[in-house]
Amino acid sequence: MYQSSNNRYEAMHYRRCGRSGLKLPAISLGLWHNFGGVDPMENSRAMVYRAFDLGITHFDLANNYGPPPGSAEETFGSILRSDLAHYRDELVISTKAGYYMWPGPYGEWGSRKYLISSLDQSLHRMGIDYVDIFYSHRPDPETPLEETMSALDHIVRSGKALYVGISSYSADRTRDASRILRSLGTPCLIHQPRYSMFDRWIEEGLLTVLREEGIGSIFFSPLAQGLLTDKYLNGIPADSRASKPHGFLKPEQVTQGKVSKAGRLQEIAKRRDQTLAQMALAWVLRHPEATSALIGASRLEHIEDAVATLRNLTFERDELELIEKTLSS
Ligand SMILES: NC(=O)c1ccc[n+]([C@@H]2O[C@H](COP(=O)([O-])OP(=O)(O)OC[C@H]3O[C@@H](n4cnc5c(N)ncnc54)[C@H](OP(=O)(O)O)[C@@H]3O)[C@@H](O)[C@H]2O)c1
């Protein structure tokens, strides 16, 4: 029987999520890759335990994580049931709906019909009564924003989620969504955008909207799926995401340009006494609007490395300038 470490709250930092009452760990764990039906259950279980032992209270899922779709929720449900159930009140579990899940017109995007059915399926797969955060996983260009937001409001009122969030919404759509949700009485807790040294779109307006609206943020793929680590510096390892047929990082995305930048960034990281992964995480967490960096992992060491980032989150001005120069070269 798993018993969590008594020291689990000692190393982690907890940051307030926007203007809400909820705090999230500065490092959260996502189950997009390496927790599916195709992955060894023992490794998935060990990573969840290690994360929780290190103070990672937040686990991020979505209806479609696997493969096959839905299987990451089943894996997490099984871990929860066997060993973590008595820690439920110490956990923040999120899931999402937006991408394709089942055939026909009701199996993706942002209708009330899809969001509510999908959450019911997710709760069933995980064997829980509620999630802490439920997200609209992507903006739907056809469904009225009012419908998607009122479905989120309904979900909170029905007790199936405590908070709601949005993912990958543009700055303007985020402001609109936030206003609708506030008018319904269910404020938008959090936005989940992609953000890393290699993908900086949120700096063009979204961060300002988050600050003004009091919405928290959790940045996904802060390591650019592994490109901002030492993993690809000497080619594509056989067990890496880029070499797996179901991996979302394709070998052609491991470009010479990215690898060469990663090599130069690693030199800066070394001078800070950090790994490249740690510097990349500290860099996304440098914004006052940042609540959490949402990492992925395929082994325990990735989680340990990420949590050790918290020993040095500050940057000198010349370090930031050198990083800028390297990224724009
Ligand atoms: N909202 C959305 O639309 C959306 C989209 C994508 C992801 N997400 C969320 O964000 C989470 C994280 O995404 P991500 O997995 O792309 O994040 P990431 O942290 O950028 O990449 C994680 C991958 O980097 C590699 N890695 C991590 N630490 C390492 C280290 N110290 N040394 C060497 N390699 C290391 C591992 O690759 P290997 O597996 O190759 O070892 C790991 O699987 C997902 O699980 C999901 O919850 C959300």
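Reader: Which residue stands opposite Ile 93 in β5?

Author: This is a predicted model, in which local features need pLDDT of at least 70 and side-chain atom pairs count only at pLDDT 80 or more, while totals for chains, interfaces and linings use all residues. Residues are numbered from 1 along each chain as its sequence is written, and helices (H or I, at least four residues) and strands (E, at least two) are DSSP runs numbered from the N terminus. Strands β4 and β5 pair in the parallel sense over three bridges, where pairing requires that DSSP finds at least two bridges between two strands. The residue that stands opposite Ile 93 in β5 is Phe 59.

Reader: Is strand β5 largely enclosed or largely in the open?

Author: A residue is buried if 20 or more other C-beta atoms lie within 10 Å of its own, exposed if 12 or fewer, and partly exposed in between, with C-beta atoms placed from the backbone. Because six of the six residues of β5 (residues 92-97) are buried, the strand is largely enclosed by the rest of the structure.

Reader: Which residue in β6 is the bridge partner of Lys 96?

Author: Strand β5 is joined by four bridges to strand β6 (residues 131-136), and the two run parallel. In β6, the bridge partner of Lys 96 is Tyr 135.

Reader: Through which helix does the chain cross from β5 to β6?

Author: A crossover is right-handed if, with the strands pointing away from the viewer, the path from the first strand over the helix to the second runs clockwise. The unit made by β4, α2 and β5 is a right-handed β-α-β unit. The crossover from β5 to β6 is also a β-α-β crossover and right-handed, and the chain makes it through helix α3 (residues 112-126).

Reader: How many strands does the closed barrel have?

Author: The barrel runs β3-β4-β5-β6-β7-β8-β9-β10 with parallel pairing. One of its pairs is β7 and β8, which are joined over four bridges, with Ser 167 having Gln 192 in β8 as its bridge partner. The number of strands in this closed barrel is eight.

Reader: Which residue in β9 does His 191 stand opposite?

Author: Strand β8 (residues 188-192) pairs with β9 in the parallel sense over two bridges. The chain crosses from β8 to β9 through helix α6 (residues 206-213), in a right-handed β-α-β crossover. Within β9, His 191 stands opposite Ser 217.

Reader: Which residue of β10 stands opposite Phe 220?

Author: Gly 216, Ile 218 and Phe 220 point one way from β9, Ser 217 and Phe 219 point the other way, and all are buried. Strand β9 is joined to β10 (residues 292-295) by three bridges, and these strands run parallel. The residue of β10 opposite Phe 220 is Leu 294.

Reader: How many residues of the shell around the ligand are charged?

Author: Of the 29 residues around the ligand, those that come nearest are Gly 30, Trp 32, Phe 220, Gly 226 and Gly 296, a residue being near if its C-beta atom, placed from the backbone, lies within 6 Å. Both β10 and α9 (300-307) supply at least two residues of this shell. Ala, Val, Leu, Ile, Met, Phe, Trp, Tyr, Cys and Pro count as nonpolar, Asp, Glu, Lys and Arg as charged, and the others, Gly among them, as polar. On that basis the shell holds 10 nonpolar and 15 polar residues, and the charged ones number four.

Reader: Which peptide bond has an omega of about -10°?

Author: Pro 67 lies in the loop between β4 (58-60) and α2 (71-84), and a cis peptide bond with omega of about -5° joins Gly 66 to Pro 67. Pro 68 has its place in the loop between β4 and α2. The cis peptide bond with omega of about -10° is that between Pro 67 and Pro 68.

Reader: Is Ala 224 buried or exposed?

Author: Ala 224 lies in the loop between β9 and α7, and its phi is near 50°, a positive value in a residue other than glycine. Because Ala 224 has 20 other C-beta atoms within 10 Å, its state is buried.
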